Amino acid sequence: MTEVTMTVNGKSVSAQAEGRTLLVNYLREGLGLTGTHVGCDTSQCGACVVHVDGKAVKSCTVFAMDVAGAQVLTIEGMANADGSLGVVQQAFQDHHGLQCGFCTPGMVMTTAALLADNPRPTEAEVRHELEGNICRCTGYHNIVKAVLAASGQDAGAMAAE
Amino acid sequence: MPKDTGIGASTKRREDIRFLTGRGVYTDDLSLHGQTFAVMVRSTVAHGRIVSIDTAAVEAMPGVLAVFTGEDFKDVGGNPAGWLINSRDGTPMREPKRPVLAHGKVRHVGDAYAAVIAETYAQAKDAAQVLSDATVIEDLPAVVDMRGAVADASNRVHDEIPDNVCFDWGWIEDNRAAVDAAMKAAPHVVTLELTNNRLVPNAMEPRASIGEYFPGTGDYKLTTTSQNPHLTRLLVCAFVMGIPENKLQVVAPDVGGGFGSKIYHYGEEALVLAAAKRLGRPVRWTAERTESFLSDAHGRDHVTKIEMGCTLEGDILAIRTETLANVGAYLSNFSTATPTFLHGTLMAGPYKVPHVYVNVKAVFTNTAPVDAYRGAGRPEATYSIERVVDKMCRELGLDPFEVRRRNLLTPDQFPYTTPVGLVYDTGNYQATLDKAVELADVAGFEARRADSAKRGKLRGMGLSTWIEACGIAPSHLVGVLGARVGLYDAATVRVNATGTISVMTGAHSHGQGHETVFPQIVAEKLGIDASSVEIVHGDTAKIPFGMGSYGSRSLAVAGSAMDRAIDKIIAKGKKIAAHMLEAAEGDITFADGKFSVAGTDKAKTFGEIAFSAYVPHNYPLETLEPGLEETAFYDPANFTYPAGAYICEVEVDEGTGKVDVVSFTCADDFGNVMNPMIVEGQVHGGVGQGIGQAVLESTTYDENGQLLTGSYMDYAMPRADDVPFYTVDHSCNTPCTHNPLGVKGCGEAGAIGSPPAVVNAVIDALQRGGHTHVTHIDMPVSPNRVWQAINA
């Protein structure tokens with residue numbers, strides 16, 4: 001076991017890790033940040049997406065040791081400073097973009113990264129970019145709406161309901 | 001003008017805040033002092049005799065605390081089937097024991113025969129691999145194909161069941177001769193053989209369980225991913241472990257989706273309890289995704305021959321079906337009800353069809369158990385009916401919209417007794433069909449088809465008019481049908497001294513939004529702010545009783561129990577108010593949160609009455625108990641019957657066979673709607689799963705019983721770019737006539753109505769494109785299958 005240090009949600013943190021400890025397990029068990037979820041173990045479902053140095057990554061595919069010293073952002077760091085929901089989080093609530101909540105942290109983290117790269121995506125771009133995140137509850141309708149709304153677009157009109 | 005609070009308002013969900021900030025608490029998020037980790041050791045072969053398990057090989061490994069095998073559980077009970085089905089000849093179904101851990105034989109890939117408990121997960125995982133290598137299993141031939149299973153009596157999943165048949169059920173057997181005669185006399189008979197593909201429910205949260213044992217009191221606690229903690233408690237206590245019910249607390253905290261797969265009790269739950277007692281420490285287990293694929297109860301998996309007798313004008317005269325239903329290697333808790341009373345009873349659809357007969361043989365195979373998955377039996381019935389109606393239209397050259405209109409029951413025919421044993425209480429199927437036709441712009445289809453053609457695509461349109469029976473279920477009826485439980489539900493409404501309210505409900509929310517919707521109803525009925533109402537669910541120590549959430553029953557059954565309990569609160573409040581206001585009880589009215597003396601301005605607020613109940617200084621103590629808390633159990637008088645019309649448009653690429661679902665329109669009748677936003681979300685989710693079944697998802701075992709689709713690399717889950725925006729409508733409402741809220745349930749509709757609409761659209765596209773030899777393609781309509789069909 002080795003002490004691994006990184007910056008998570010703006011704070012310098014340390015926890016013990018083995019060589020085989022995945023970043024998701026380091027976050028969940030080492031730091032108690034259980035908002036990041038494990039849905040598939042094989043980098044398919046995206047429930048474990050976090051940001052490492054500004055990029056969305058699947059934290060079940062990264063060894064904790066490999067990102068020692070990195071800047072990591074998780075779902076626990078997405079709210080505004082006053083505790084209110086951030087723009088992406090608020091859009092998901094406003095548009096009912098979540099049901100059971102299990103895939104939600106990964107969806108929010110992927111969305112934040114997507115909008116940082118492409119601030120006004122088309123519906124097709126949103127659907128393509130969300131391919132790496134599986135949701136079984138929503139049929140994606142309201143997730144896509146939430147992402148479009150978070151980008152400042154008229155999601156209701158784009159969904160043509 | 002839409003309401004912004006109370007019943008009918010699209011209130012935003014309060015539970016979203018914790019889920020969006022990473023503060024939900026799912027079972028695997030809990031970390032307990034002294035915890036240990038269990039890893040299951042699962043069969044890698046579909047069928048085999050366990051020769052030896054060398055537990056000594058792992059007992060000295062680092063961190064290993066205990067090893068369990070089937071031997072440790074051979075003297076406890078089996079996990080039972082919840083419904084007893086009798087065969088046509090009156091004999092009861094064959095019901096082999098389903099042990100906590102396999103003993104003697106393993107019967108499917110993934111069948112757990114041992115478990116290792118260790119200090120860390122990694123140590124348990126390492127030891128489980130070593131134990132797997134130190135186990136000798138003699139391979140036996142696998143029974144995989146259902147037709148082969150029935151035909152070959154020498155190869156048996158269970159040694160005592162020679163033909164692998166669980167039951168051979170006829171519904172309704174006494175009607176068989178009349179149906180045969182009607183079919184024989186029919187001017188035209190349409191025949192279709194089809195497969196309803198096996199699906200894996202795939203809740204995004206894998207199953208997980210934590211067992212605790214408290215030696216000081218002898219109490220157990222099970223925290224588990226369950227849709228119905230009380231049923232799990234009942235099964236663990238009364239059937240499997242023999243623990244007194246009052247010594248086991250079952251908690252289902254935040255649960256990440258269920259879709260049926262978390263209704264059932266699984267062996268891992270008993271294992272972690274037994275291990276916690278032996279070790280005196282908490283024992284936790286969480287499935288990996290591949291374990292979920294291998295060991296969660298799967299859904300569907302029917303092979304059906306359906307015949308429909310009709311006139312040349314398209315009037316349906318008779319329906320007859322023969323189905324082989326796969327139950328897998330063991331009977332899961334609802335597995336015998338799903339292909340029978342949730343399937344055969346729906347085989348008249350929404351139509352006036354005088355003669356219906358259903359035959360179902362349930363077959364054991366060396367595959368994972370199959371049970372209820374979103375819709376459960378009703379999607380299978382709907383798919384069979386709506387596909388054969390569509391085929392009839394093609395054979396007779398009739399318009400599928402007109403044929404439905406000819407046959408749909410009309411509003412004046414309710415209540416309507418079907419030939420398969422149900423009484424539909426109310427509906428207006430023409431209205432939902434008309435609404436769907438309008439919203440889908442059926443009139444504009446030809447223009448859209450021409451546009452698709454310009455882009456080299458074949459466009460087709462498919463229709464499905466569907467009905468389901470949900471709000472499960474009237475106990476007296478299901479008792480007659482073989483259920484071994486009642487299917488009522490319960491609620492306690494506790495008014496606290498300061499006027500806030502806690503509602504303990506037997507329903508369990510794992511995505512449905514009960515924490516938001518139930519308070520909307522309480523607030524409306526009591527004239528108070530919804531924010532002062534809290535929903536408590538998922539804990540047998542906190543709630544009176546409950547049968548959980550499945551079968552679109554939460555609101556119709558548990559919600560009705562809550563409604564009844566609120567009525568009792570109001571009734572008691574009137575007694576208190578009468579005393580305080582010095583009036584006759586009969587003169588007290590309750591409205592807008594106030595108890596008033598009729599015809600006067602004398603009134604007490606709800607809060608004043610609540611306070612008086614707990615500080616009874618001016619209170620009729622000689623005739624009335626203090627406190628303000630009421631419990632109600634509600635047993636529904638009938639099923640509820642949501643219904644609707646779905647229209648799908650697809651584009652098919654002739655060159656590759658790829659199907660794109662380009663539009664999907666739903667017009668549903670759910671009765672009264674409590675929160676439109678949530679109802680629409682439920683339909684979206686159901687349709688997403690239905691499109692998944694129709695286009696993408698296939699659970700494939702090879703001839704040796706190896707699961708070829710055991711991860712998200714191999715099992716095609718619908719993703720965001722596989723589906724379009726959906727158009728959903730629920731304005732054509734006929735309120736349920738027999739529950740107090742007038743609600744019917746919306747959770748399963750999308751998954752029930754959508755698969756035939758998709759497949760009908762694909763066949764339509766191919767037919768219009770000149771491929772007139774293609775009359776059916778089994779689901780999923782993958783590029784390979786569509787291309788093969790086109791080029792056959």
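Helices (H or I, at least four residues) and strands (E, at least two) are DSSP runs, numbered from the N terminus. The model examined here is predicted.

**Exercise 1.** Locate Ser552(B) and determine whether this residue is buried or exposed.

Solution. Step 1: Ser552(B) lies in the loop between β21 (533–536) and α15 (554–580) of chain B. Step 2: its phi is near 45°, a positive value in a residue other than glycine. Step 3: a residue is buried if 20 or more other C-beta atoms lie within 10 Å of its own. Step 4: Ser552(B) has 32 other C-beta atoms within 10 Å and is therefore buried.

**Exercise 2.** Carry out the analysis for Asp41(A), which is not a glycine.

Solution. Step 1: the loop between α1 (23–30) and β3 (49–52) of chain A holds Asp41(A). Step 2: phi of Asp41(A) is positive, about 70°. Step 3: Asp41(A) counts as buried because it has 20 C-beta neighbours inside 10 Å.

**Exercise 3.** Describe the side of chain B that touches chain A.

Solution. Step 1: contacts link 42 residues of chain B with 47 residues of chain A. Step 2: α1 (16–20), α17 (676–696) and β28 (726–729) of chain B each give two or more residues to this side. Step 3: α17(B) gives the most, with seven residues. Step 4: by class, the side has 17 nonpolar, 14 polar and eleven charged residues.

Note on methods. Residues numbered from 1 in each chain as written. Chains lettered and ligands numbered in written order. Predicted model: local features only at pLDDT ≥ 70, side-chain atom pairs only at ≥ 80, totals over all residues. Contact = placed C-beta atoms within 7 Å. Nonpolar A, V, L, I, M, F, W, Y, C, P; charged D, E, K, R; others polar. Buried ≥ 20, exposed ≤ 12 C-beta atoms within 10 Å, placed from the backbone.
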